[in-house]
Amino acid sequence: MRSKTKILLFLLLLPLLAIDSFGQQKAGDIKLEDRVFTAAKGDKVDAEYGRLYVPENRSKKDSRLIEVAFVKFKSTAQFPRPPIIYLAGGPGGSGIGAARGPRFPLFMAMREMGDVIALDQRGTGDSLPNVACTETVTLPSATAVTRAAAVEQFRNLSRKCSAKLRDEGVDLSGYNTNESADDIDDLRKALRFEKVSLWAISYGTHLALATIKRHENRIHRAILAGTESLPNTLKLPSDTEKHLQHLDQMVKTDAELSKKIPSLLALIKEVLEMVDREPVTVEVTDPKSKQKTRVVLNKFALQMVTAYAFGSGETFIPASYYAMSKGDFSSAAGRWLAIIGGTQSIGSGMSNMMDCYSGVSAARMKKIDDESKTTLLGDAMNFPFPDICDAWGNPDLGDSFRKNPASRVQTLFISGTLDVRTPPSNAEEVRKGFKNSVHLIIDGAVHSDPLFLSSPKIKDVMLEFMKGGKISTTQITLEPLKFMQIAPPLGNP
């Protein structure tokens, strides 16, 4: 009888024991599990899958613990150097996802230096909780969309997502770059490494700079590709204008395009002014419904379509604007419908909070406002920030956070001359405080993958740098960008 009572008591207490067992996890604890890592193309490699337990908000004593996921690839070196932590861009990108994709061979090559760790920053990828937003943008296509109307929808969707996440128990105030920087140092401590190196791209460089600022003595080396410095989360319209000027010069050297487009800048200005005076209505087939749909294009729509093209669609911009100058808006209408037709996510709680927390100084905001009045695309590159930050509680880490660090950490900066999002000037600005740094310029590279994958020489330079030797070059020149040519009118050969 007593044994039955004990068994019954044990069964009643089992759920509580399970909760207590999970509750025994404390900040800094780590779990590791051996697994086979499979890349997108089927390549397999042994790896350790890990979870680090950290406070959701270190400034609150009663903060719950969250899990930061990572994958660690063991070094192939006989005498490994400090491990390398990969920091994805976005914000909101998955480091583990990046390791599965086209950069997988680069991850494997970096193991020559030390262990390589693909990190899913807090709130992203396999980390728990994943604070994704499911809301998507759906703006009316048959009427001219104003910037104010678009901002208001982003605001409403942001309020909806933030309320849902808070109802689920998420403390959104913990999703900022300083907390993520401390996650990196906590991971270093949990894995018992004296120092780590940082390998980052885009927003990941922003996080890397904050980590260097907070934990410099624990950073061995850093590779920063597509630098987003601490003060420049919001982009300057003048940088967008310089990018268009660069494209204009490239069109002038194109034997065929230059015959019909003597000035790309003048052409863009002409088309934008035309639709600003009188928006254009176009009928296109909606790829989702397969139905004919009326799409209205105004200046704001074309500015957004052009800004969205940067990084992958520069090749079609001249021909597209030429077609519009001749009355053919079908291509632009299709692209605008793709933006507003319910396929574009508003991001995640992590990505929105990170950008709002990093914020912008009053002086830089004034500069952005002033420049947007005189540049072709205005502040389209920043949309919908900073306008939607009130829907996320107007978080701001302040101007002290936005001051770039001065550091002795050996750093390799990588920039592309066609990278409008993080131009080479960003890296040069940061380098003023990084005396032990070099800058690799990739002539012709746009943002993202080309900063790592557009030339095999990039990998060589990265490995040279990590070995501590002198890098063999600071300039890599790619094949010139090949623009889409202007199609002849129907009926012509």
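Phenylalanine 154 and phenylalanine 383 are both buried in this predicted model, and the two rings form an edge-to-face aromatic pair, with 5.2 Å from centre to centre and 90 degrees between the planes. Phenylalanine 154 belongs to helix α4 (residues 147-167), whereas phenylalanine 383 lies in the loop between α14 (362-372) and β12 (410-416), so the pair ties together parts that are 229 residues apart in sequence.

**Aromatic rings and charges**

- The structure holds twelve aromatic pairs, and one aromatic cluster is formed by Phe37, Tyr49, Phe73, Tyr86, Phe104, Phe107, Trp199 and Phe452.
- Tyr86, a member of that cluster, is also one of the buried residues of strand β4, where Tyr86 points the same way as Ile84.
- Two arginines place a charged end over a ring: that of arginine 122 sits over tyrosine 175, 5.8 Å from the ring centre, and that of arginine 335 sits over phenylalanine 316, 3.5 Å from the ring centre.

**The sheet**

- Ten strands make up an open sheet with mixed pairing, and their order is β1-β2-β3-β5-β4-β7-β8-β12-β13-β14.
- The edges of this sheet are β1 (30-38) and β14 (475-477), each of which pairs on one side only, while the twist from one strand to the next averages 20 degrees.
- Strand β3 (residues 65-73) pairs with strand β5 (residues 116-119) in the antiparallel sense over four bridges, and valine 71 has alanine 118 of β5 as its bridge partner.
- On β4, Ile84 and Tyr86 point one way and Ile85 and Leu87 the other way, and all are buried.
- The pairing of β4 with β5 is parallel and runs over three bridges, whereas β4 and β7, which also run parallel, are joined by four bridges.

- Helix α6 (residues 203-215) has 13 residues and reaches 18 Å from its first C-alpha to its last, close to the 18 Å expected at 1.5 Å a residue.
- This helix lies across β4, β7 and β8, and runs at about 150 degrees to β7.
- Eleven of the 13 residues of α6 are buried, which leaves the helix mostly covered; the buried residues are Tyr203, Gly204, Thr205, His206, Leu207, Ala208, Leu209, Ala210, Thr211, Ile212 and His215.
- The cover over these buried residues includes strands β4 (84-87), β7 (196-201) and β8 (219-225), together with helices α5 (177-190), α13 (349-358) and α15 (424-431).
- Helix α15, which is among the elements that cover α6, lies across β12 and β13 (437-443), running at about 175 degrees to β13.

**Helix α10**

- Helix α10 (residues 299-309) is largely enclosed by the rest of the structure, because nine of its eleven residues are buried.
- The buried residues of α10 are Phe300, Ala301, Leu302, Gln303, Met304, Val305, Thr306, Ala307 and Ala309.
- Among the elements that cover them are helices α4, α9 (264-277), α11 (317-325) and α12 (330-340), as well as strand β10 (292-297); α4 is also the helix that carries phenylalanine 154.
- After α10 comes glycine 311, whose phi is positive, near 105 degrees.

**Two single residues**

- Leucine 52 is located in strand β2 (residues 44-55), and its relative accessible area of 1% lies under the 20% cut-off, so leucine 52 counts as buried.
- Apart from neighbours within four places in sequence, leucine 52 is in contact with Gly28, Asp29, Ile30, Ile66, Glu67, Val68, Phe70, Asp183, Asp186, Leu187 and Ala190.
- The C-alpha atoms of leucine 52 and serine 238 are separated by 42 Å, the two residues being 186 residues apart along the chain.
- Lysine 482 is placed in the segment after β14, and its relative accessibility of 70% is over the 50% cut-off, so lysine 482 counts as exposed.
- The C-alpha atoms of lysine 482 and leucine 377, 105 residues apart along the chain, are separated by 23 Å.

Technical notes:
Residues numbered from 1 in each chain as written. Predicted model: local features only at pLDDT ≥ 70, side-chain atom pairs only at ≥ 80, totals over all residues. Heavy atoms only, no water. Helix = DSSP H or I, 4+ residues; strand = E, 2+ residues; numbered from the N terminus. Expected span 1.5 Å × (residues − 1). Buried < 20%, exposed > 50% of the residue type's maximum accessible area, 1.4 Å probe, protein only. Contact = heavy atoms within 4.5 Å. Phe/Tyr/Trp six-rings, centres within 6.5 Å; stacked < 30°, edge-to-face > 60°. Lys NZ or Arg CZ within 6 Å of the ring centre and 35° of its normal. Pairing = 2+ DSSP bridges. Axes fitted to C-alpha atoms, helices over the stretch in contact; angles between N-to-C directions.
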